Amino acid sequence: MRLTSIVRALVLAAGAPAVILTQGLVQIGLAQDEAEGAKPILVAAKKAVPKKKVVKPAGPPAKELFGAARTPAPMAARAIGFYAKGCLAGAKALPIDGPAWQAMRLSRNRNWGHPDLIAILEKLAIEAREHDGWPGLLVGDISQPRGGPMLSGHASHQVGLDADIWFTPMPERRLTARERDEMSAVSMVAADAASVDPSQWTEAHVRVLKRAAAYARVERIFVHPAIKKAVCEAAPKEGDRAWVHKIRAYWGHHDHFHVRISCPSGSTNCEHQPSLPADDGCGKELTDWLARVKPKPQPPTPPVATAKPAPPKPSLTLDQLPAECRSVLASGVEKPVLAAKPSLPPSSTPSATAAKNPTETK
């Protein structure tokens, strides 16, 4: 095989591609072997490995199916799945008017929740009025009649265990349906995004948050980092600070606080959220959050966009939700229908809407 070795060296020195070299050497080697009376060695070619096909979830977005449901599933009350990936059976509606609360955004039909959550909201409203000097609660989005992904506004609120409560106190009169859809919640955060607005924030806000966090079933409450800072400063350094631990900084939440309760008994397929960190969230975690929300300086001239924006995240389909959600969706109806595209009230604040993007998986 000396001839093969010599040819290999000469071809490589000339810069020939390895594929051509291999084919040539095989031919030369076979000719040399035949001349010497040796039997050629046949090498089987490698087969190309086919690429695995990515199976995309089929069917319409789940938000269109659950957004079309106008009534709860006539089943035993159960929270199914995770806060941002599940559904709700046997939901109960928060009455749109109560002795110490009013439900907002009635056209969205999102005043539904697990009965345990509804009971806590009613209790909080009454006790905050009696003991904390709070006129009453304006309650925003809770969940859809059968939970599930929403047509707009939230990633969580899918299993009936989340509720948004406005920092705006309830007025003494009954709001009209139009007012409830069009009026905006008032932001509590100052322009620096690092402190609360002293013209809006009061000690009564702290008392309401403390009462809500003190309930055993309340697992955590999300607020803007500046509001978390105000809570940390208002809470006594000594004594009971367990309620401060439950109040956590998060994106948005400048005009409302987000109450989340733990999985109820009987909801065997409810997925618990990981436990909170051991500290009260008033140290490094808060410092990091304040740095994230600090307004960024604007450049003198806007930068020229060179790259295309990332495509939107695909919507969840029914196949991606817990299997029980099919029964929840079909229960009591002949055939699921698709919801119309959402139309937000014209006065919805952009900041509040933007705050409720997929970050609310929380």
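1. Contact here means heavy atoms within 4.5 Å. With that in hand, residues 24 or more positions apart account for 79% of the protein chain's contacts with a separation of 6 or more.

2. A word on the source: this is a predicted model, where local features need pLDDT of at least 70, side-chain atom pairs count only at pLDDT 80 or more, and totals for chains, interfaces and linings use all residues. Numbering runs from 1 along each chain as its sequence is written, and side-chain values use heavy atoms, with hydrogens and water left out.

3. The protein chain holds eleven helices and eleven strands (DSSP runs numbered from the N terminus: helices are H or I with at least four residues, strands E with at least two). Of its 362 residues, 44% are buried, meaning under 20% relative accessible area with a 1.4 Å probe, protein chains only.

4. Now to the largest nonpolar core, which has 53 residues (a set of buried Ala, Val, Leu, Ile, Met, Phe, Trp, Tyr and Cys residues joined through side-chain atoms within 4.5 Å). Helix 4 (residues 115-131) gives the largest share of this core, seven residues. A second, separate core of twelve residues includes Ala-62 and Leu-318.

5. Do look at strand 8 (residues 162-166): five of its five residues are buried, so the strand is largely enclosed by the rest of the structure. Asp-162, Asp-164 and Trp-166 point one way, while Ala-163 and Ile-165 point the other.

6. Strand 8 pairs with strand 11 (residues 256-261) in the antiparallel sense over five bridges; pairing requires at least two DSSP bridges between two strands. Trp-166 stands opposite His-256 of strand 11.

Note on methods:
Buried < 20%, exposed > 50% of the residue type's maximum accessible area, 1.4 Å probe, protein only.
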